[in-house]
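Please look over the sequence and the model first; the notes after them are grouped by topic.

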Amino acid sequence: NTLTASHPLVDGRTSAAPLVRALRGDRPERMPVWFMRQAGRSLPEYRAIRADTRMLDACLDPALASEITLQPVRRHGVDAAVFFSDIVVPLLLAGVEVDLVAGRGPVFPHPVRTAADVARCRAEFGADRLSEALEPVREAVRLTVAELGATPLIGFAGAPFTLAAYLVEGGPSRDHLRARTLMHADPETWRELLDWAAELSGAFLEAQVQAGASAVQLFDSWAGSLSVADYRERVAPASRRALEPVQRIGTVPSIHFAVGSGHLLEELAAVGTSAVGVDWRTPLDEASRRLGDAVPLQGNLDPAYLGAPEDTLKAHLEDVLQRGSRAPAHVLNLGHGVPPETDPAVLTRIVELAHER
Ligand code: CP3
């Protein structure tokens with residue numbers, strides 16, 4: 001399991017890129033910056049090109065997915081592209097029925113709630129089906145990387161808990177109570193559900209990396225609803241398994257991000273990742289101290305500042321950079337995704353300000 005000679009990390013296109021260097025623990029001259037959800041509804045060019053294509057159809061159209069991935073790189077001059085797709089795409093490609101409802105999120109018409117449901121998923125929607133079905137994803141990544149040159153592409157996947165929270169609930173939920181109940185009511189079924197999700201996410205990450213992604217991010221958006229003990233014992237092993245195909249390759253850096261997870265920082269790092277993504281609630285200096293000042297950090301501008309006057313935003317940016325200087329390395333990002341109503345000019349300005357320093 002190695003990268004091909006034409007992979008951008010191997011042929012030298014991205015191996016010295018600021019993002020890759022920072023994720024490996026270095027402090028490049030230029031502060032690397034990108035934004036979670038930078039491709040999407042904040043961009044008029046995205047809304048135009050997506051106008052008559054459904055979200056998941058766009059994800060599986062290699063030319064379209066590639067073009068959408070490139071849009072924010074051209075516009076903002078960010079230091080990385082993030083692959084345009086969604087955390088539910090590997091489930092869809094494995095055969096699971098799923099829809100992405102605008103303004104709501106992933107909806108599963110057949111929630112996975114019982115031992116029999118999980119057994120059926122594992123039997124019918126296994127990772128074995130996935131390899132071939134992932135071809136449009138690989139093709140989109142290849143097209144994108146061919147255009148990106150020295151700018152790295154970040155591949156991503158949903159972490160097993162976040163996928164399970166949607167699968168068990170059947171859609172978005174506030175406190176993921178049904179999923180967390182299954183965890184304790186039937187721990188064996190829970191473990192099998194997370195194992196299955198980890199296999200699919202791992203295969204999704206591996207496909208993106210083999211096709212040319214120079215880094216990956218594992219998104220555990222809902223892990224914040226878990227206690228430290230539940231996360232450590234019933235969730236972290238599956239997240240570790242999802243990252244394994246990438247770690248086996250060895251040279252590809254990874255970012256592990258969860259929302260509302262200040263209490264979980266040590267656990268997120270312990271999963272074995274190059275960097276930890278911090279949401280806006282935990283100051284980066286405090287996050288770094290908790291991690292022994294030994295882990296590269298990503299984050300953590302509060303998205304609420306994107307609508308504030310420029311001087312207010314600038315002071316917040318200074319504060320984030322100052323606190324981030326405590327960590328061995330820092331990748332500037334938001335503390336969660338770009339809100340759809342964001343003025344894209346504000347994002348471009350943040351990139352300029354970060355690069356000017
Ligand atoms: O720019 C990027 O970050 C790349 C693309 C990306 C999307 N989804 C595209 C998308 C990424 C990295 C994701 C990850 C994702 N998807 C997460 C983890 C990150 C996070 O925000 O916590 C989660 C939880 C999902 C599930 C999901 N998919 C949600 C909650 C939604 C939003 C529903 C809505 O309309 O508010 C989606 C749909 C989705 N995924 C959109 C985009 C651009 C919006 C669909 C549209 O444009 O019509």
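This is a predicted model: local features need pLDDT of at least 70, side-chain atom pairs count only at pLDDT 80 or more; totals for chains, interfaces and linings use all residues.

**Strand pairing and sheet**

Ile255 stands opposite Ala275, a residue of strand 7.

- Strand 6 (residues 254–258) and strand 7 (residues 275–277) run parallel and are joined by 3 bridges.
- An open sheet is formed by 7 strands with parallel pairing, in the order 1-4-5-6-7-8-9.
- Strand 1 (81–82) and strand 9 (330–334) each have a single partner strand, so at these edges one side of each strand is left without a neighbour in the sheet.

*A helix across the sheet*
- Helix 12, residues 228–249, lies across strand 4 (153–158), strand 5 (215–220) and strand 6.
- Relative to strand 5, helix 12 runs at about 165 degrees.

*Around the ligand*
- There are 24 residues around the ligand, of which Ala39, Gly40, Gly105, Phe219 and Ser221 come nearest.
- The shell around the ligand consists of 12 nonpolar, 7 polar and 5 charged residues.

*Segments listed by UniProt*
- An unreviewed UniProt entry lists residues 32–41 and 154–170 for "domain: Uroporphyrinogen decarboxylase (URO-D)".
- Residues 32–41 are 0% helix and 0% strand, with the end C-alpha atoms 23 Å apart.
- Residues 154–170 are 59% helix and 29% strand, and their end C-alpha atoms are 28 Å apart.

Technical notes
Residues are numbered from 1 along each chain as its sequence is written. A residue is near a molecule or strand if its C-beta atom, placed from the backbone, lies within 6 Å of it. Ala, Val, Leu, Ile, Met, Phe, Trp, Tyr, Cys and Pro count as nonpolar, Asp, Glu, Lys and Arg as charged, and the others, Gly among them, as polar. Two strands pair if DSSP finds at least two bridges between them. Helices (H or I, at least four residues) and strands (E, at least two) are DSSP runs, numbered from the N terminus. Two residues are in contact if their C-beta atoms, placed from the backbone, lie within 7 Å. Axes are lines fitted to C-alpha atoms, for helices over the stretch in contact, and angles run from 0 to 180 degrees between N-to-C directions. UniProt positions are given in the numbering used here, feature names are shortened, and annotations may be inferred rather than shown by experiment.
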